[in-house]
Amino acid sequence: MFEGSKVYNKRTYTYETYIARKISILKSAWGGEALPKIKKQLKKYQSKNGIILAEKQREAVYKLMSENVMILTGKPGTGKTTTLKAIIDVYKSINPKSEVLLSAPTGRASRKMQESTGYKAVTVHRMLGYQQGSIPDYNEDNQLEADLVIVDEWSMADLNLTYWLLSALKRGTKILFIGDTDQLPSVSPGNVLNDFIEAELPTVKLDEIFRQARDSQIIQNAHRIKNGEYLVIDDSKEDFYFIQQYNTYKVANLIIKSALRFMEIGYSLEDILILSPMKMGEVGVETLNEMLRDAVNPKSPLKNEISIGNSRFFREGDKVMQNINNKDKEVYNGDLGIVKRIQSNVKDEDGKTKDIIICDFEGVEIEYNKKELIELELGFCMTIHKSQGGEAPVVIMPIVISHKRMLARNLYYTAVTRAKSKVVLIGTHEAMNVAIKNNKVAERNSILDQRIMFEIYQIERFVQEN
């Protein structure tokens with residue numbers, strides 16, 4: 001469809017116009033608390049937890065209490081998690097009977113959110129009862145009973161997910177969006193979080209890097225990548241390594257050796273995240289997955305296998321990744337698990353026999369029949385895009401010039417920030433410097449920010465005239 005000189009996919013146009021209208025309606029709802037009351041509760045919170053929040057962190061607490069729509073953003077090490085915990089606890093102390101919902105676009109991101117705050121968090125799909133291709137259980141006609149909704153990692157959310165989230169919110173519901181706009185944007189259409197900030201919605205940007213974070217080379221180099229500066233590595237700190245290797249075949253083998261070495265010193269498969277920018281090639285996801293399986297989970301008469309077609313199979317002990325959202329099984333795109341058991345000729349309720357595979361997803365066993373195995377793929381290695389929203393103690397990845405079209409600053413910034421303890425880069429400084437210099441982000445043809453500003457102006461003008 002046409003709008004002036006612009007041509008829209010009808011669905012994208014619907015999403016963009018609805019989001020702008022709904023976010024302006026949410027923003028206009030009353031959401032304020034008296035500042036002295038907030039300060040009193042925040043003082044109690046700091047005293048109880050033995051901490052003193054930085055100025056911007058305190059500002060975030062105050063703003064959330066006084067605004068109905070807010071964005072919290074900041075780079076690694078600036079205290080987003082600490083701020084979020086303070087926001088929730090202070091809000092709950094002032095509104096003890098309130099319903100607060102925490103969510104994120106991926107299963108890994110929601111679990112990280114739950115672990116860091118101590119409050120239950122689920123995927124946005126689960127919160128809404130949303131299965132791809134169908135209308136969510138919670139929508140414009142059946143909205144969530146929530147006083148405050150907090151969604152993390154919103155830089156990776158597209159127009160579609162934002163549309164369904166906002167449609168499920170009542171006018172008086174507070175909404176807090178959290179994310180880092182320097183990470184990768186959504187794969188599907190939209191640049192939502194950035195557009196929200198550009199539309200001048202209430203935003204707090206945390207910019208102070210705390211002392212503990214300053215001591216981490218992971219945090220330091222993540223910021224250097226973001227700023228277009230070369231890496232600085234002190235091998236004595238043992239948290240950031242760069243192994244120089246020009247031959248891509250040898251790069252692949254060094255990735256395998258690094259993974260095995262970390263397992264020898266006590267890290268598990270779940271602790272190690274091996275990332276690659278591309279699926280194909282000598283150090284692409286598909287090649288590394290096969291090499292890693294042969295190395296860390298070799299064929300054995302003691303391990304059952306199950307085939308899918310002529311070329312694909314799974315083996316007991318394999319690390320696997322869910323590749324679609326499955327609401328019924330409560331596993332979601334990007335979730336990582338381990339194949340625990342493969343059983344043949346299992347009888348179902350009707351007495352028919354079937355082959356099944358049992359996978360452990362962070363302590364929860366999920367059963368798949370053979371037809372459902374299309375939902376799984378090997379997960380020893382994944383693309384950087386797929387890793388967004390998750391984290392692991394160890395991150396290992398290639399950085400080679402053959403990936404030239406994928407060497408971009410935001411891609412490697414996202415990859416490095418997945419690591420909690422150690423980063424291992426294997427390849428060439430030439431390729432790393434190409435990535436650092438390349439700050440070209442694919443342009444998103446969006447005017448969502450302009451639409452939001454216009455809708456807010458319309459509401460404000462109506463209020464003034466009436």
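Is Glu145 buried or exposed? In this predicted model, Glu145 is exposed, its relative accessible area being 57%, and its side chain meets that of Lys170 in a salt bridge with an N to O distance of 2.5 Å. Because Glu145 belongs to the loop between H6 and S6, whereas Lys170 belongs to the loop between helix H7 (159–167) and strand S7 (174–179), the pair ties together parts that are 25 residues apart in sequence. Lys170 itself counts as partly exposed, at 31% relative accessibility.

The model contains 20 salt bridges, among them a contact between Asp137 and Lys327, for which the closest N and O atoms are 3.6 Å apart. Since Asp137 is placed in the loop between helix H6 (124–128) and strand S6 (148–151), and Lys327 in the loop between strand S13 (319–322) and strand S14 (336–347), this pair ties together parts that are 190 residues apart in sequence. Asp137 is partly exposed at 43% relative accessibility, and Lys327 likewise counts as partly exposed, at 27%.

A salt bridge within a helix is formed by Arg293 and Glu290, whose side chains meet at 3.4 Å, N to O; both residues lie in helix H12 (residues 285–296), where they are three residues apart, or about one turn of the helix. Arg293 is buried, with a relative accessible area of 2%, whereas Glu290 is partly exposed, with a relative accessible area of 39%.

How values were computed. Residues are numbered from 1 along each chain as its sequence is written. This is a predicted model: local features need pLDDT of at least 70, side-chain atom pairs count only at pLDDT 80 or more; totals for chains, interfaces and linings use all residues. Side-chain values use heavy atoms; hydrogens and water are left out. A salt bridge is a side-chain nitrogen of Lys or Arg within 4 Å of a carboxyl oxygen of Asp or Glu. Helices (H or I, at least four residues) and strands (E, at least two) are DSSP runs, numbered from the N terminus. Buried means under 20% relative accessible area, exposed over 50%, partly exposed in between (1.4 Å probe, protein chains only).
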